[in-house]
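Look at the ring-shaped side chains in the structure below. A pair of aromatic rings is described by the distance of the centres and the angle of the planes.

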Amino acid sequence: MSENLREWRRLGPLHFVYQPELDLDLNLFPNKDVVFFPEPIPGPDGVPSFAMLHRPMWDLSWVRDGEGVHLPAGITDERLGIWISYVPVDDVQADINNLVFQRSSALVAMPEHDFEAVKIGAGPPRSGSREGWLLVHHGVKGSLSKVRKWGVEQEGLSYAAGAMILDADDPSKVLARTSEPILAPETADETSGTVANVVFPTALEDVDGCDTSSTAWRTAGSA
C-alpha cells in the first residue's frame, strides 16, 4: 500500500482461509495474475467486499519434485483458470492488513477457445457497463515444458488478449466472452524479444470517455 506512490508498505503474502469444500489448502500452491476490482462488490453472502482475481497453479512438482498435480474437489481439468476470492470491506476498514486474508474462493473461468487452449489469466477488470464487469484477460496457446524448478520453456507459446463480461452483482459468473483474441502478437516487437509472441493486458484507461486496453508489457515477467 502507498499514500504517495513513492513509499510502499508490503501487506502480503496473501493468505487463503481454508475451505473444506475445496478439499485442499490454497496456501500450498503457487499463484499468479492477482488483480483487485477497483471498487467493493457483493461477496457470496451479500456482504460488501474487496474481491480479487487470481490463478492458482495445481502442479506442485514445479516446486517439489515428485509431488504432482492436486486439484480442488469438483475440478477435473488440470489447465489453469481464473479464480476469485473476497474479503469484507468492514474487515479491511478495521485493519488494512486484513486485505491479505482472502476467503470464499471460487472458479470463474477455464480455457475454452483455441487462443487460450493452454491457460488463461486475469488482466485489469473495469466497471462502467450496465452489462457487467469488463475483464480483459490473457490466453495462452502452444506447448509448455518444464526446464527447472520455477522455470518454463517458452518456445512455441503465444500470448493473446481476450475479453469477458462478468456479472455486475456476482463476478464469479461469466456472461459472455470472446471466442477470438481482441489483440494478438503481430508486429516485430511483439513476435520477437525477451519473450517472443506475447501481448499482455496490463491496464485499462479512458480515452475521450471510452475504455481502451494498454498491452505494452512484453518482458519475461509477463509469462
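The model is predicted, so local features need pLDDT of at least 70 and side-chain atom pairs count only at pLDDT 80 or more, while totals for chains, interfaces and linings use all residues. Residues are numbered from 1 along each chain as its sequence is written, and side-chain values use heavy atoms, with hydrogens and water left out.

The structure holds four aromatic pairs. Rings of Phe, Tyr and Trp (its six-membered ring) pair if their centres lie within 6.5 Å; planes under 30 degrees apart count as stacked, over 60 as edge-to-face and the rest as tilted.

| Pair | Centre to centre | Angle between planes | Type |
|---|---|---|---|
| Phe37 and Trp133 | 5.0 Å | 80° | edge-to-face |
| Trp58 and Trp83 | 5.6 Å | 70° | edge-to-face |

Phe37 sits in the loop between β2 (31–36) and β3 (41–42), and Trp133 belongs to strand β9 (residues 132–141), so this pair links distant parts of the chain, 96 residues apart. Strands are DSSP runs (E, at least two residues), numbered from the N terminus. Phe37 has 4% relative accessibility and counts as buried, and Trp133 is buried with a relative accessible area of 4%. Buried means under 20% relative accessible area (1.4 Å probe, protein chains only).

Trp58 lies in the loop between β4 (48–56) and β5 (82–88), whereas Trp83 is in strand β5, so their pair ties together parts that are 25 residues apart in sequence. Trp58 counts as buried at 3% relative accessibility, and Trp83 counts as buried at 3%. Together with Phe29, Trp58 and Trp83 form one aromatic cluster.

Methods
Helices (H or I, at least four residues) and strands (E, at least two) are DSSP runs, numbered from the N terminus. Buried means under 20% relative accessible area, exposed over 50%, partly exposed in between (1.4 Å probe, protein chains only).
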